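Here is a structure to read with its terms in mind.

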Amino acid sequence: MKTPSMRFTSLAVIALAAGLSTTAQAQNAADAADSATARQKVAMCIGCHGITGYQASFPEVHKVPKISGQNAKYIAAALTAYRKGERKHPTMKGIAASMSDQDIADVAAFYEASGKDIPSPAAPAAPATPTADIQALLTKGNCMACHGADMNKPIDASYPKIAGQHADYLYVALKAYQTERNPQIGRANAIMGPQAKLFTHTELKQLATYVASLPGELKTVPQPKLRR
Ligand code: HEC
Ligand code: HEC
């Protein structure tokens, strides 16, 4: 029996030779991401990231982030930061510490492709118009310049999609970029740190609530879906 990666390579070659559409090639990449190896590696993630509305209690109660549909490059960067301790979080550090670079690449590809077969919430006819107060905060932090006009298409794949992410998680994440000298909480990030530090907690909460209300591609894909 061929290994999943061999199968992917031969399919890709056939697709190229036949001049098939990029959609077919993307499907092959998605199949590779959904290989038996990747499924085995995400078995330790789905107990938290595969349960809709699953709550974490550290450092305060909030929903576990949606990671299906997130950019693979960003997922890999986040996992590497937990492993190095640049992102402090005891649980995610423990998990990332057990992963090799290859494991990280495999689960990142898996989650980027996961949920593509589930329709995203329909985009509204007109983009959600922020209130004047929110608009002022968005302008001050220049959020769209990096995360994209709709917060769903960041300018670089190593930056996160944030539209539609859980509000309570976004708030915890934003506060973490402000936190320093705490052994258990904090995200040392040269790009996002200075942005988060412009705001009070109340303002970060308003930003988090607004960003969470936007339509986006992030999802939690429940466990049975992964089994297909
Ligand atoms: C015990 C529950 C739990 C398990 C198991 C778990 N996670 Fe997490 N994960 C969390 C929580 C809680 C956070 C938010 C951490 C924070 O505040 O930085 C998180 C954060 C993340 C992030 C960052 C998301 C973002 O938007 O920045 C990624 C990526 C991630 N986890 C991937 C994984 C992968 C891959 C696995 C399996 C190999 C996994 N997690 C297993 C609870 C879990
Ligand atoms: C100069 C580019 C830039 C700007 C401006 C910017 N961000 Fe970010 N943002 C990033 C990058 C890069 C990351 C990933 C950092 C990391 O790896 O931890 C990030 C991460 C985040 C996260 C964490 C997402 C997650 O899944 O954990 C949130 C929330 C966020 N940004 C919201 C905002 C908001 C709100 C604004 C405006 C007030 C903003 N950002 C402005 C580049 C930017």
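Q: Which helix supplies the largest share of the shell around ligand 2?

A: In this predicted model, the largest share of that shell comes from helix 9, which gives four residues. Helix 9 (143-147) is one of several contributors, for helix 5 (72-84), helix 10 (167-178), helix 11 (192-196) and helix 12 (201-213) also supply at least two residues each. The shell around ligand 2 has 24 residues, of which G141, C143, C146, A173 and M192 come nearest.

Q: What is the make-up, by class, of the shell around ligand 2?

A: The shell around ligand 2 has 17 nonpolar, six polar and one charged residues.

Q: Which residues are closest to ligand 1, and which elements give two or more residues to its shell?

A: Ligand 1 is surrounded by 22 residues, with C45, C48, A56, P65 and A78 the closest. Two or more residues of this shell come from each of helix 4 (46-49), helix 5, helix 6 (90-97) and helix 10. By class, the shell around ligand 1 holds 17 nonpolar, four polar and one charged residues.

Q: Why is helix 10 called oblique to helix 12?

A: The axes of helix 10 and helix 12 come within 8 Å and cross at roughly 140°. Angles over 145 degrees would count as roughly antiparallel and those from 65 to 115 as roughly perpendicular, and the crossing angle of roughly 140° therefore makes helix 10 oblique to helix 12. The crossing of these two helices is right-handed. The contact is made by A167, L170, Y171, L174 and K175 of helix 10 with H201, L204, K205, L207, A208, T209, V211 and A212 of helix 12, and by class it has nine nonpolar, two polar and two charged residues.

Q: What is noted about the peptide bond between F58 and P59, and about the phi of N142?

A: The bond that joins F58 and P59 is cis, with omega about -10°, and P59 lies in the loop between strand 1 (55-56) and strand 2 (62-63). N142 is a residue other than glycine with a positive phi, near 55°, and its place is in the loop between helix 8 (132-141) and helix 9. Most residues other than glycine have a negative phi, and most peptide bonds are trans.

Q: How many contacts does the stretch of residues 1-20 have in the model, and what is its pLDDT?

A: The mean pLDDT of the protein is 86, and 80% of its residues reach 70 or more. Over residues 1-20, however, the pLDDT is below 50, although this stretch has 16 contacts in the model beyond near neighbours in sequence. Where pLDDT is low, the predicted coordinates should not be read in detail.

Technical notes
Residues are numbered from 1 along each chain as its sequence is written. Chains are lettered from A and ligands numbered from 1 in the order in which they are written. This is a predicted model: local features need pLDDT of at least 70, side-chain atom pairs count only at pLDDT 80 or more; totals for chains, interfaces and linings use all residues. A residue is near a molecule or strand if its C-beta atom, placed from the backbone, lies within 6 Å of it. Ala, Val, Leu, Ile, Met, Phe, Trp, Tyr, Cys and Pro count as nonpolar, Asp, Glu, Lys and Arg as charged, and the others, Gly among them, as polar. Axes are lines fitted to C-alpha atoms, for helices over the stretch in contact, and angles run from 0 to 180 degrees between N-to-C directions. Angles under 35 degrees count as roughly parallel, over 145 as roughly antiparallel, 65 to 115 as roughly perpendicular and the rest as oblique. A crossing is left-handed if the near helix is turned anticlockwise from the far one by less than a right angle, and right-handed if clockwise. Two residues are in contact if their C-beta atoms, placed from the backbone, lie within 7 Å. pLDDT is the predictor's confidence in each residue, from 0 to 100.
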